[in-house]
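Please open the structure in your viewer and keep the selection tool at hand.

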Amino acid sequence: MKPSDFILNSDYLSIAQTGRQTITASIAAGTLTPGSYTEQNLDFTVRALAGAVDRIMIKKDSGEFQVGAYQRLEIYTSDTPYTRIVGFVSVFRTSATNMRLQLVLENVTPNTVTYPAMTFTVQVTSFRPPNVF
Amino acid sequence: MAKVDPRDFLLNTDYEMDKIVYFQEGSLNVGEYDIDTPHNLPFTPLIFGVCAFNEDFSDARSVPYEYLTQQTSITFTASANDTNVRVSYTNDAGTPDKIYYRIYGFEPSDSRAKVGATSKYGKEFILNTDYNYCKLYQKGVVDGQTATSIAHNFGYIPQVLVWAESSSGWVDPLERSDWGEIYGDESTSGVTVTTTEVQFNASLYNYDKLHYRIYYDEA
């Protein structure tokens, strides 16, 4: 049979949405010495669902939502002296009831760098995988 | 007939709903790379899924998963082409030494193929009105080399899924965006979702095509 012939068809697994949630995480400004990095983990309680398939969108500060659970960050803070911070923000579950926003920033220059305060807004829609009902 | 808001319904046969046409689960040890499994489908499935370091998937994370710093590199990736689903696990820290994964697949928007049933993988209900089933607004393919946008004008942020297809025919779930501030000027690459449109800013990724699914359901 052709799945495309049907609006819904119980011969095929579906994926059930169990919830949606907005998470907001604020990171304070900080300083990184040459070659150093910071890893900050902010944990949030979410509705219990082991093995959830989560659809994630991330918004940084007053920007727009970006599709995906991983956002790479890069900041050139000034050209004199040359400073550059690279890193990422990643959102994932650490347990059935907890979700983590993980921020990693690295100073990849020989100069001390100050990174700005940041606020991330995360939209999480959670789905119950069909094989773990 | 009165116009309805699809969000008012858990499932609504006025709109197409997702059907999973492919499922695979397994585990990889550190260093198992480019492990191919034939999917036996007459098209390249749009795959998505989760990976986890705990066997019960309590620490599930979206595929692909990356933790990349100067000191440590941990990645789990999954891709599909016209014959195989490929998975890889790298971790230069060595531990956790095993990762578990579940991969699901949708049929691409330009396919009308015959596909075998997948309901045999379900353990209880295929449809269950205790939960919501996403109502598809639009699915399709855009050029990955050119920035473009698709209007929805919903007035809210809808759920959106995107897959990137390379010139070699491998298709990956797009779970990544880039944000940069260079001398005070901000830039973004990836797929942006606003209350009025979906913007494909993906020219920086150098992909051939981007497959997308936009839902009436809110993100």
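Begin with strand 14 (residues 185–189) of chain B, which is hardly covered: of its 5 residues, the count that are buried is 0. Here a residue is buried if 20 or more other C-beta atoms lie within 10 Å of its own, exposed if 12 or fewer, and partly exposed in between, with C-beta atoms placed from the backbone. Strands (E, at least two residues) are DSSP runs, numbered from the N terminus.

Before continuing, please note that this is a predicted model, in which local features need pLDDT of at least 70 and side-chain atom pairs count only at pLDDT 80 or more, while totals for chains, interfaces and linings use all residues. Residues are numbered from 1 along each chain as its sequence is written, and chains are lettered from A and ligands numbered from 1 in the order in which they are written.

Strand 13 and strand 14 of chain B pair in the antiparallel sense over 5 bridges; two strands pair if DSSP finds at least two bridges between them. Within this pair, select Glu181(B), which stands opposite Glu186(B) of strand 14. Then move to the hairpin of these two strands, which has 2 residues between the strands: Tyr183(B) takes a positive phi near 50 degrees there.

Now display both chains. How many residues of chain B are in contact with chain A? There are 68, and they meet 57 residues of chain A, where contact requires C-beta atoms, placed from the backbone, to lie within 7 Å. Strand 13 of chain B supplies the largest share of the side of chain B that touches chain A, namely 7 residues.

Phe65(A) has Val193(B), in strand 15 of chain B, as its bridge partner.

Turn next to the loops of chain B. In the loop between strand 4 and strand 5, select Pro64(B); a cis peptide bond joins Val63(B) to this proline, with omega about 5 degrees. Pro96(B) lies in the loop between strand 7 (84–91) and strand 8 (98–106), and a cis peptide bond, with omega about -5 degrees, joins Thr95(B) and Pro96(B).

Finally, select Asp34(B), in the loop between strand 1 (22–29) and strand 2 (35–38) of chain B. Its phi is near 50 degrees, a positive value in a residue other than glycine. Is Asp34(B) buried or exposed? Asp34(B) counts as exposed because it has 10 C-beta neighbours inside 10 Å.

Key. Two residues are in contact if their C-beta atoms, placed from the backbone, lie within 7 Å. Helices (H or I, at least four residues) and strands (E, at least two) are DSSP runs, numbered from the N terminus.
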